[in-house]
Amino acid sequence: MTDDFSEAQASVLIGTTEKMIDIWNRLSPEKQATLLARFGSQENALAALVTTQLVAPAKS
C-alpha cells in the first residue's frame, strides 16, 4: 500500500483548497482574526477548512 494520491484525489484536494482560499479571502477581518486565534496561523486555519470540507462537504 502506498500513501500517494491518485490523480482524482489530488484534483479534489487542489480544488477544495482553492475554494477555501477564496472563502478565506472573502471573510471579514474579524472572522479571519478569530480563525487565526484558534488555529495559530493562516496555513493551519486553511488546512482545517479544507479538512472540514473534504470530510463533510456542503450540499449544493
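**View 1. Burial of Gln-53 in helix α3.** Gln-53 has a relative accessibility of 18% and therefore counts as buried (buried is under 20% relative accessible area, exposed over 50%, partly exposed in between; 1.4 Å probe, protein chains only). The residue belongs to helix α3, which spans residues 42-55; helices are DSSP runs of H or I with at least four residues, numbered from the N terminus. Between Gln-53 and Met-20 the C-alpha to C-alpha distance is 8.4 Å, with 33 residues separating them in sequence. The model is predicted: local features need pLDDT of at least 70 and side-chain atom pairs pLDDT 80 or more, while totals for chains, interfaces and linings use all residues. Numbering runs from 1 along each chain as its sequence is written, and side-chain values use heavy atoms, leaving out hydrogens and water.

**View 2. The salt bridge between Arg-26 and Asp-22.** The N to O distance between the two side chains is 3.0 Å. A salt bridge is a side-chain nitrogen of Lys or Arg within 4 Å of a carboxyl oxygen of Asp or Glu; the count by this rule is 1. Both residues, Arg-26 and Asp-22, sit in helix α1, 4 residues apart, or about one turn of the helix. Arg-26 is exposed because its relative accessibility is 61%, whereas Asp-22, at 39%, is partly exposed.

**View 3. Leu-13 in helix α1.** Helix α1 covers residues 7-26 and contains Leu-13. With a relative accessible area of 30%, Leu-13 is partly exposed.

Conventions. Helices (H or I, at least four residues) and strands (E, at least two) are DSSP runs, numbered from the N terminus.
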